[in-house]
Amino acid sequence: MLQLDQFYKARYVLSTVLRKTELVHAKKINPDVDVYLKPECLQLTGSFKLRGAYFKISQLSEEEKAKGVIACSAGNHAQGVALGATAMGVKSLICLPEGAPISKVEATRKLGADVMLVPGVYDDAYQMALQLRDERGYSFVHPFDDENVIAGQGTIGLELLEQLPDLDAVVVPVGGGGLISGVAFAIKSLNPHVKIYGVQAEGAPSMVNSIHDHTIERLTNVSTIADGIAVKEPGKLTFDTCSSYVDEIVTVTEDEICAAILKLIESEKMVAEGAGATSVAAVMFNKVPVKGKKTVCIVSGGNIDVTILNRVINRGLVKSGRLCTLDLELDDQPGKLLDVCTVIAQKGANVTGVHHDRSANRKKVNACLLRVTMETKNQQHIESIIKALEDKGFAIFNNPNLK
């Protein structure tokens, strides 16, 4: 069972290794919510995972430390275990799914761990780690379903109550449930009036489904840009804790996650990975009932794969109405393209791409397809452009207002 004393012990142990993450007042996330960010993306190793991993290893006996530790991870837990083990002179072996971002694999190696890439996803790496634990006598550092790991993560909850004593709600990314279990237990034990909301990616709703059906359920597959929370099955301890202490768990879409990453970059000059941005996405798009509330979003990690950052930003631009692509049927006559561009220019948008296709099948023989990509201000700006084009007699085939 979780004990609050263990959380305070974890805080003492971690006091010499953690980077202090002060709250950031983020007024631009949602004008109807008083938002504060807990930037664990700025933590050593780039995520909150160091807290639980370091505390867990610190509590091993000298005999256990001598045999070494093993862990499985999509990346962030791996780096936390690697740094913690190396700092304490303990050998570590990390099993990662072979699809883990190269940046996370190399970062884990640089922190002193041995790495084994396992075919499949997180759960396959998990089974390999258990097998090697049994064969070689390593101590297994579970990424979420462990009392000491949860206590380490829960030190964030203790910090939040000191940094913002009158907070109303905390929004937490959820994968296997270690972070939200620790935060919820710590905060609810000291101030049961604070609301705790969890957020999962729509493509990996393992905890959402389990809580809804009141039993642990395993997903057949997961698919999300938020690889840090792409977990097929929650833990037993985390499921029980969430069932008792968490007020609600919601999901956000891939586009909403991308929009949140973009918002953090632009408004707060903060880089978050997909998992870390889910809490912000939930508040941005009103997925949790925090209107008018003093709300903390935990930005749990910042280890985004830079090779996909451009695609993430583009999807975020589209979701937030900053980038728009329209398909129009156009009479294939001189001056028609100019007419379209004139309307767009008069409405203050900037055309960034034009594709003119005569081969597309249309009802009118002398018609063509015109695809226009433009930079816009917001959804209302897009609606005004569409109306202006339709008023000029242009037919639009992918009008977002008709979806």
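A disulfide is a pair of cysteine sulfur atoms within 2.5 Å. It is a covalent bond between the sulfur atoms of two cysteines. The structure examined here is a predicted model.

**Cysteines**

How many disulfides does a search of the whole structure find? The search finds zero. Take Cys95. The closest cysteine sulfur to its own belongs to Cys72, and the two sulfurs are 7.2 Å apart, so they are too far away for a bond.

Cys341 is partly exposed.

**Strands and crossover**

Strand S4 covers residues 92–97, and strand S5 covers residues 114–118. The two strands run parallel. Five bridges join them. Which residue in S5 is the bridge partner of Leu93? The partner is Asp114. Between the strands, the chain passes through helix H5, residues 102–110. This path from S4 to S5 is a β-α-β crossover, and its hand is right-handed.

**Domains**

Now step back to the whole protein. Domain 1 spans residues 1–320. Domain 2 spans residues 323–398. How far apart do the C-alpha centres of the two domains lie? The distance between these centres is 44 Å.

Methods
Residues are numbered from 1 along each chain as its sequence is written. This is a predicted model: local features need pLDDT of at least 70, side-chain atom pairs count only at pLDDT 80 or more; totals for chains, interfaces and linings use all residues. Side-chain values use heavy atoms; hydrogens and water are left out. Two strands pair if DSSP finds at least two bridges between them. Helices (H or I, at least four residues) and strands (E, at least two) are DSSP runs, numbered from the N terminus. A crossover is right-handed if, with the strands pointing away from the viewer, the path from the first strand over the helix to the second runs clockwise. Domain bounds come from an automatic or database domain assignment. Buried means under 20% relative accessible area, exposed over 50%, partly exposed in between (1.4 Å probe, protein chains only).
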